[in-house]
Structures are given as structure tokens and as C-alpha cells.
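Dear colleague,

I am handing over the structure we spoke about, and I would ask you to keep it open while you read my notes.

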Amino acid sequence: MDHFLYRNGQLYAEDVPLADIAAAVGTPFYCYSAATFTRHYQLFVDALSGMDHLVCYAMKANSNLAILKLLGDQGAGMDVVSGGEYRRARAAGVPGDKIVFSGVGKTADEMRLALTGGIRQFNVESEPEMEALNAVALSLNMVAPIAVRVNPDIDANTHEKIATGRKEDKFGIPISRAREVYAHAATLPGLKIIGIDVHIGSQLVDLAPFEAAYRKLGELTAVLRADGHDITRLDLGGGLGIPYERSNADPPLPSDYGAMVQRVLGDLGCEIEIEPGRLIAGNSGVLVSDVIYVKQGEDRDFLIIDAAMNDLIRPAMYGAYHDIVPLVEPAPGTEKHMYDVVGPVCESGDTFAKRRAMPPLKAGDLVAFRSAGAYGAVMASEYNSRPLIPEVLVSGDQFAVIRARPTFDEMLNRDTIPEWL
Ligand code: LLP
């Protein structure tokens, strides 16, 4: 459930009509609902309440400082994948001992930043990385807490580009080599083994692949303990999917997921850590855009809107579906019309939807893309010299711009023409 609902014929974000925000900040813009973010975060907390746990929000989904502060104040930890994300988490007030550092390519500088600034654990993904982290920790006279990310070779049944747990994927160490790698880690004085990590992919709409991976993790925990390692924490990654297409079957709920985790891993006495991103952020945000033209093509009508693939790349990049709804609620029984919904960018890939049945729309009408709170603003670019679009946060009847639209001068002033040109 989210807080973007029609009231008196108008689409609201909590208690604010989205059209009012459009009038104040201009289109296109992202709008987030604080109540939806906290609700989704709390669903995970409740789902794991029977176990010692920490929910570490995967901030790659939406890393605006206001969002991090909102979730951090609720007690959320953070899963970061770069020095930039680490800095954002700290700037939002998240303590280092609630920050997990994931990712296959951490640099020595990033390791140093996190070790000196405070870190809960590094999720290490290879032996060369293990050696590098050991060296950095020793140079600082510190010991780095680690979990090794294992690759369980499980197909998550999701989009090719976001599956991460098969042996052909670049992530983790093969689970078959885990004993060897943990034995090696135990010889490195700059590292302290505390757990095991796994993340098999994103937008999973079925619990079965999770369960298969977690069973393997449970077995590995027993084996590693028998080898003498102190395994006290299991990081289960993120990946729970959301209903992008509301007419489709609903993916499992966090409560179903939590019950499965309890059943499969609850007896090990480990602290459970999870890294959800999409389920917390996805349906907590919309992208609002204005219809510029309705263009009649030879065999179809194009709805040309002022948002484009540079603002929301998911349809172009993954063929992703997003619901697109008008800000003014269509009267009951309104007959639908077929549109191709496209942006102004100069390539055919700038298409949000093909043959989409929508209520009839005209230039000047406003539409909202649902489920745009995750992997929306964070993946935006200035392609075609389109400035990044603003982000707005609503809480109850108040709203604030949490990232302003840059001016064209700001955009141009970032470039430098060398003197010698
Ligand atoms: N943990 C790790 C190590 C990850 O790599 C990811 C996502 C997550 C947690 C969070 O997964 P989530 O709960 O959000 O599914 N840009 C793509 C999604 C990329 C996901 C990358 N890793 C999209 O728009 O669908």
C-alpha cells in the first residue's frame, strides 16, 4: 500500500495534491511520500522481529539525503556500495556501526574512508579484495570486520541485467570454494570474520530462489563453524520485488519473506541482516510529467511528455513496466485510448510504453509514473543536456524540495573550455 491515492478526483501524495506541487516546482519532478517509505521499512522490521536483526536499506535505490535521514531516524542501517554512498549515509547522520559496505570493486581509498569513519562490516567479494582490505586495515592498525559474499549459483528468475547469484555473474566467491577462502581469511590479521553474505538478484517475485540460497547459507554456516570460524551474522541481501503492474499477481510480502527466513535460518542463533532497496523506495515515489503534444502517427498516437529516458531509464534499459496514470481521475466508464508514451530525447529507445491503454489525454495534462521511487532519480543523467529534475518529499500536508532543479547556468558552468582553445 502506498500514499498516492485519488481524492475528490485528484491524485494526492499523502495530503497534498500532486498538481499543487507541479504548480510550485514545474514538471517533470520526482515526488516521494515519507509515510510510504517508513511504512515499507517497518514492514521489514516487523517481519524479522522474531530474530536479532538489522534492516540495512540499500541506498543505491534512492540516496537523497532527506530519504536517508528519514530512514536513519527510524533506526535503519545502510548498505553502501561506494565512497560516495558512504559519505551520504554519514552526512545523513547514520552511525558507522550501522553501515555495511558491499560491492565487487572497493578501492583502497574507499576502504580507508570506511575504516576510519566507522563501519559495521565489509562484504568482501574476492580474494584479491580480501588481501587489499587486510593491507589497508594493517596500515591503519585496525581490524576490518568482514563477511564473505558467496555466490550460490542460483537463478533468481529475474531480468538478465539484475540477476547476481549465478556462477556466470561477477558477484561473490563460488560457494564451493567458501571453506578455502574462509581458511585464508582467518590467516589475515587485519581481518575479523563475522559472517556470510549473499545477494542473488533484484525484483524477485517468488520466494523459492531466496529459500534455496538461504538453505545453502545455513549449511555453509554449520560447515564453517565446524572449521572453527565464528559465524555470528548472516547478511541475506535484498531483492524482494514489487508489483509494478498492479493487475498482475502480487509478489510475496515482507511478512512472508520474514517467516521463510525464520523457518530456514532461525535456529542458527545468528544475527540476520537484510539489504532491501526497491521494496522500501519503489512504491514510495512517483514521477510527474506534463503532456507536451499528442502526435498522430501513421498507425498510432504518441503521447509526447516532458520526462524522458534520462530522467527514468528503467523502461529503456530493462524494458521495465511502470503504471502511468493521469493526475485528474478519469470519470468512471471513460473509454481508454491506445498511446505510445515517449519522451523528447532523440532516440527511439526513449519510449516509456507502447500500445498503452490510457484515458484520453491532451497537451497540458499531467501524468504520474508509479513505482518510480527506486532506481529513478539515482539513475538519471543529463543526456541531451536536460538538467536533472527536482525531487520533492511530502509528509502529511507539507512538502519540501529535497533536491532543486539546477539552473542551465549551473549545468553549463561545470564544463571548462581550456585557455588554449
Ligand atoms: N544488496 C546488494 C548487494 C545489491 O546489489 C542490491 C541491488 C540490493 C541489495 C538491493 O536490491 P533490491 O532490494 O533493491 O532489489 N537498477 C535496477 C536494479 C539494480 C539492483 C542492483 N543491486 C533496476 O532499476 O531494476
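This is a predicted model: local features need pLDDT of at least 70, side-chain atom pairs count only at pLDDT 80 or more; totals for chains, interfaces and linings use all residues.

Residues are numbered from 1 along each chain as its sequence is written, and side-chain values use heavy atoms, with hydrogens and water left out.

The domain assignment, which is automatic or from a database, divides the protein into domain 1 (4-31 + 282-412) and domain 2 (34-281). Their C-alpha centres are 32 Å apart, and 24 residues of domain 1 are in contact (heavy atoms within 4.5 Å) with 25 residues of domain 2.

Where does the ligand lie? Both domains give residues to the shell around the ligand, so it lies between them. This shell has 18 residues, the closest being Ser202, Glu275, Arg278, Arg314 and Tyr375, where a residue is counted if one of its heavy atoms lies within 4 Å of the ligand.

Among the polar contacts (pairs of N or O atoms within 3.5 Å), a polar side-chain atom of Arg314 lies 2.6 Å from a ligand oxygen atom, a polar side-chain atom of Tyr375 also lies 2.6 Å from an oxygen atom of the ligand, and a polar backbone atom of Gly239 is 2.8 Å from a ligand oxygen atom.

Best wishes

Key. A polar contact is a pair of N or O atoms within 3.5 Å; within protein, one must be able to donate a hydrogen and the other to accept it, and residues adjacent in sequence count only if both atoms are side-chain atoms.
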